[in-house]
Amino acid sequence: PVKEQPNNLSWEGFAEELARTLQSSPCLLSWLKISMSLAELIGQPKYRSWFSKVLLKELTPTRAIFEVEGRFIKEYINSHFSSDLQRAIHTHYPT
(Lines give C-alpha, C1' and ligand atoms only; values in the text may rest on other atoms or scores of the structure.)
Protein backbone atom coordinates (compact mmCIF):
# COMPACT_ATOMS: atom_id res chain seq x y z
CA PRO A 1 0.00 0.00 0.00
CA VAL A 2 1.08 3.52 -0.76
CA LYS A 3 1.49 5.80 2.25
CA GLU A 4 -0.71 8.87 2.25
CA GLN A 5 1.16 12.06 1.53
CA PRO A 6 -0.07 15.49 2.61
CA ASN A 7 -0.73 16.69 -0.95
CA ASN A 8 -2.88 13.69 -1.85
CA LEU A 9 -6.56 14.20 -2.44
CA SER A 10 -9.17 11.83 -1.10
CA TRP A 11 -9.67 9.01 -3.61
CA GLU A 12 -13.08 10.44 -4.44
CA GLY A 13 -11.51 13.85 -5.06
CA PHE A 14 -8.78 12.26 -7.16
CA ALA A 15 -11.39 10.45 -9.28
CA GLU A 16 -13.18 13.76 -9.84
CA GLU A 17 -9.90 15.40 -10.84
CA LEU A 18 -9.21 12.62 -13.34
CA ALA A 19 -12.73 12.88 -14.78
CA ARG A 20 -12.13 16.60 -15.39
CA THR A 21 -8.59 16.37 -16.74
CA LEU A 22 -8.21 13.16 -18.75
CA GLN A 23 -8.20 13.66 -22.51
CA SER A 24 -11.28 12.51 -24.34
CA SER A 25 -10.98 9.23 -26.22
CA PRO A 26 -13.14 6.22 -27.08
CA CYS A 27 -11.50 4.44 -24.13
CA LEU A 28 -11.96 7.24 -21.61
CA LEU A 29 -14.06 5.28 -19.10
CA SER A 30 -11.66 2.34 -19.25
CA TRP A 31 -8.68 4.63 -18.78
CA LEU A 32 -10.38 6.32 -15.82
CA LYS A 33 -10.81 2.96 -14.06
CA ILE A 34 -7.27 1.85 -14.89
CA SER A 35 -5.88 5.23 -13.81
CA MET A 36 -7.50 4.99 -10.40
CA SER A 37 -6.02 1.54 -9.83
CA LEU A 38 -2.64 2.68 -11.11
CA ALA A 39 -2.63 5.74 -8.83
CA GLU A 40 -3.44 3.50 -5.88
CA LEU A 41 -0.40 1.36 -6.74
CA ILE A 42 2.14 4.12 -7.40
CA GLY A 43 0.66 7.09 -5.53
CA GLN A 44 -1.09 10.19 -6.75
CA PRO A 45 2.05 12.36 -7.13
CA LYS A 46 3.81 9.81 -9.36
CA TYR A 47 0.63 9.27 -11.34
CA ARG A 48 0.32 13.02 -11.97
CA SER A 49 4.00 13.30 -12.93
CA TRP A 50 4.11 10.44 -15.41
CA PHE A 51 0.58 9.59 -16.52
CA SER A 52 -1.37 12.88 -16.58
CA LYS A 53 -0.87 13.23 -20.35
CA VAL A 54 -1.03 9.54 -21.27
CA LEU A 55 -3.94 8.58 -23.49
CA LEU A 56 -5.40 5.09 -23.83
CA LYS A 57 -5.96 4.83 -27.59
CA GLU A 58 -7.17 1.26 -27.87
CA LEU A 59 -8.13 -1.57 -25.54
CA THR A 60 -8.78 -5.05 -26.89
CA PRO A 61 -8.92 -8.43 -25.14
CA THR A 62 -5.22 -8.94 -25.93
CA ARG A 63 -3.59 -5.50 -25.83
CA ALA A 64 -3.70 -1.91 -24.68
CA ILE A 65 -2.27 0.85 -26.85
CA PHE A 66 -1.22 4.11 -25.25
CA GLU A 67 -0.16 7.46 -26.64
CA VAL A 68 2.43 9.49 -24.75
CA GLU A 69 4.25 12.75 -25.35
CA GLY A 70 7.84 12.04 -26.26
CA ARG A 71 10.25 9.16 -26.34
CA PHE A 72 11.71 9.89 -22.89
CA ILE A 73 8.31 9.56 -21.16
CA LYS A 74 7.54 6.39 -23.11
CA GLU A 75 10.85 4.79 -22.14
CA TYR A 76 10.60 5.92 -18.52
CA ILE A 77 7.09 4.52 -18.15
CA ASN A 78 8.15 1.26 -19.81
CA SER A 79 11.16 0.84 -17.55
CA HIS A 80 9.67 2.03 -14.24
CA PHE A 81 5.92 1.44 -14.34
CA SER A 82 5.27 -1.40 -16.79
CA SER A 83 4.40 -4.00 -14.16
CA ASP A 84 2.23 -1.54 -12.20
CA LEU A 85 0.40 -0.57 -15.37
CA GLN A 86 -0.17 -4.22 -16.24
CA ARG A 87 -1.50 -4.93 -12.74
CA ALA A 88 -3.86 -1.95 -12.95
CA ILE A 89 -5.18 -3.13 -16.33
CA HIS A 90 -5.61 -6.72 -15.10
CA THR A 91 -7.59 -5.47 -12.11
CA HIS A 92 -10.40 -4.45 -14.45
CA TYR A 93 -9.66 -6.55 -17.56
CA PRO A 94 -8.29 -9.93 -16.41
CA THR A 95 -7.81 -11.35 -19.88
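How exposed is glutamate 67? Glutamate 67 is partly exposed, with a relative accessible area of 39%; buried means under 20%, exposed over 50%, and partly exposed in between (1.4 Å probe, protein chains only). The close-ups below come from a predicted model, in which local features need pLDDT of at least 70, side-chain atom pairs count only at pLDDT 80 or more, and totals for chains, interfaces and linings use all residues. Residues are numbered from 1 along each chain as its sequence is written, and side-chain values use heavy atoms, leaving out hydrogens and water.

**View 1. Lysine 57 and glutamate 67 form a salt bridge.** Their N to O distance is 3.5 Å, and a salt bridge here is a side-chain nitrogen of Lys or Arg within 4 Å of a carboxyl oxygen of Asp or Glu. Because lysine 57 sits in strand 1 (residues 55–59) and glutamate 67 in strand 2 (residues 64–67), the pair ties together parts that are ten residues apart in sequence. Helices (H or I, at least four residues) and strands (E, at least two) are DSSP runs, numbered from the N terminus. Lysine 57 is partly exposed too, at 43% relative accessible area.

**View 2. Glutamate 58 meets arginine 63 in a salt bridge.** Here the N to O distance is 3.4 Å. Glutamate 58 is partly exposed at 30% relative accessibility, and arginine 63 is partly exposed at 47%.

**View 3. Aspartate 84 and arginine 87 pair within helix 4.** Their side chains make a salt bridge at 2.8 Å, N to O. The two lie three residues apart in helix 4 (residues 71–92), about one turn of the helix. Aspartate 84 is buried, with a relative accessible area of 13%, whereas arginine 87 is partly exposed at 49%. A search of the whole structure finds five salt bridges.

**View 4. Gln44, Tyr47 and Phe51 are buried in helix 3 (residues 44–51).** They share one side of helix 3 because they cover an arc of only 70° around the axis, taken from the directions from the helix axis to the C-beta atoms. Their cover includes helix 1 (11–21), helix 2 (28–42) and helix 4, where contact means heavy atoms within 4.5 Å.

**View 5. Helix 2 has buried residues, including Trp31, Ile34 and Leu38.** The buried residues of helix 2 pack against helix 1, helix 3, strand 1, strand 2 and helix 4. Just after helix 2, glycine 43 takes a positive phi of about 100°.
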